[in-house]
Amino acid sequence: MHIIDRRLNPGGKSLANRQRFLRRVRDVAQRAVREAARDKDIKDLGKDGHVTVPVDGVREPKFTRNPSTGVQDHILPGNKTYIEGDLIERPPGGSGGRGGSGEAGDGGQDSEDSFRFVLTREEFLELFLEDLELPDLAKRRLAVVETATLRRAGYTVSGSPANLALGRTLRNSLSRRIALKRPKAVEMETLEEEIRALEESQPDAAILDELKAELERLRTRSQRIPYVDPIDLRYRRFEPYPRPVAQAVMFCLMDVSGSMTEHMKDLAKRFYILLHIFLTRRYKHVEIVFIRHTDHAKEVDEETFFGSRETGGTLVSSALVEMKRIIAERYNPEDWNIYAAQASDGDNVSSDGATSQDLLRSSILPACQYFAYLEVGDEGGPRAGFVEHRTTLWRTYEPVSKANSVLAMRKVNHRRDIYPVFRELFARNKAGQESAAP
């Protein structure tokens, strides 16, 4: 069997070929992306990157000849035993065993090789966030006018051939032909059959001439009234219009009291960056509000949020009050998709628990699409999924979380657990899971 592919690779098809390749190795590439994400810095996740895919993952189907059957032609060096045209008997058992061992060896070699593939930023993030979703995505009213786009706006009598509205054009043609009484093809065929039948019998010259004159008249009228006339042509018309898009705001709340170590702040920062990358993939317009608190809270910029040091006690309700104020002043829940992420070591004044619960239930959660509470611990603490004790803030939030799925809680101590916890919080089809589970 000889298969020769003579199809040319037309220009501009490299993108389609690339996308087709990614679809074919999607599962393998997605696993490679997740492995690469564990070794990357969070700040590098949004950049172009390369992934390593096993050769087995990109193997293509191929045709091979069965060495034990069929007629095979070989070119062998001359010797004293055989001359040109001699038939050589097939060795006992054929050559399948040797070929099989060779293929096994090749397979073993393939398993040790790898295929390095460079992904664009869009491709990397698409695979990175493919099976995640935001709860109640874009539930709020669309706002914020973006760049104009085109939409259908009826028909016009002139335009590009690519925009020709074939259905509307034929409808106009049919209406015109009916109004002008253009002869139908069936009428002329019937008249032609009558003329032929009359010519085969004893024709009446007067009647035959009359029928031929009528046929000529119908043909002339049919030519004068074309099937499709330029006045029938209609083209689709498009006009620009402002395209509204959904907008989101991301609130970052963090405890910066003396009990929060640099390691805990680093865990919080990594989680916030992941959430921001995720939101920007789902919304065109995303704003970030940084609120840091000790026993009092204030809105700050990003550098101050992560860099400056403060001392003092912990009063979580102060951050919730500040968030409530900012929402009321700048982010109407009817116009904004509001997401919040709070990071804390779990310390809080015991007397502040009831106030914090009331703020969550009455003001914060009704306005939010999603509220994620991340409790960060020491690096030497247990892995995510195990809580040796429940902190003051955990006990405060736990009953609210059980009653309201908008609030989700998780605990993390190690950097390697940030991404798994993030995926757990935003995993698709997580309905029915215990949102307060650590």
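Colleague: A nonpolar core is a set of buried Ala, Val, Leu, Ile, Met, Phe, Trp, Tyr and Cys residues joined through side-chain atoms within 4.5 Å; buried means under 20% relative accessible area, exposed over 50%, and partly exposed in between (1.4 Å probe, protein chains only). With that settled, which residues touch the most other members of the largest nonpolar core?

Modeller: Happy to start there. This is a predicted model, where local features need pLDDT of at least 70 and side-chain atom pairs count only at pLDDT 80 or more, while totals for chains, interfaces and linings use all residues. Residues are numbered from 1 along each chain as its sequence is written, and side-chain values use heavy atoms, leaving out hydrogens and water. The largest core has 36 residues, and those touching the most other members are Met-254, Phe-271, Tyr-272, Phe-305 and Leu-425.

Colleague: Which element gives the most to this core?

Modeller: Helices (H or I, at least four residues) and strands (E, at least two) are DSSP runs, numbered from the N terminus. Elements giving two or more residues to the core include β5 (247-255), β6 (285-293), α9 (302-307) and α13 (418-426). With nine residues, the one that gives the most is α8.

Colleague: How many residues are in the other core, apart from this one?

Modeller: That core includes Val-249, Ile-327, Leu-365 and Leu-393. As a general point, nonpolar side chains tend to be buried together in soluble globular proteins. The size of this other core is 31 residues.

Colleague: In what order do the six strands of the open sheet stand?

Modeller: Two strands pair if DSSP finds at least two bridges between them. In this open sheet the pairing is mixed, and the order is β7-β6-β5-β8-β9-β10.

Colleague: Which are the edge strands, and what is the average twist from one strand to the next?

Modeller: An edge strand pairs on one side only, and here these are β7 (297-300) and β10. From one strand to the next, the twist averages 20 degrees.

Colleague: What angle does the direction of α13 make with that of β10?

Modeller: Let me begin with the strands: β9 and β10 run parallel, joined by six bridges, and Val-376 stands opposite Val-412 in β10. Helix α13 packs on the sheet, touching β9 and β10 (contact means heavy atoms within 4.5 Å). Axes are lines fitted to C-alpha atoms, for helices over the stretch in contact, with angles from 0 to 180 degrees between N-to-C directions. On that basis, the angle is about 165 degrees.

Colleague: How far apart in the chain are Glu-375 and Lys-411?

Modeller: Their side chains meet in a salt bridge at 3.5 Å, N to O (the term means a side-chain nitrogen of Lys or Arg within 4 Å of a carboxyl oxygen of Asp or Glu). Glu-375 sits in strand β9 (residues 370-376) and Lys-411 in strand β10 (residues 407-412), a separation of 36 residues.

Colleague: And is that pair, Glu-375 and Lys-411, buried or exposed?

Modeller: The structure holds twelve salt bridges. In another of them, between Arg-390 and Glu-398 (3.6 Å, N to O), Arg-390 is partly exposed at 36%, whereas Glu-398 is buried at 14%. As for Glu-375 and Lys-411, both are buried.

Colleague: Last one: how many disulfides does the structure hold?

Modeller: A disulfide is a pair of cysteine sulfur atoms within 2.5 Å. Cys-252 is buried, with 1% relative accessible area, and Cys-368 is buried too, with 3%. The number of disulfides is zero.
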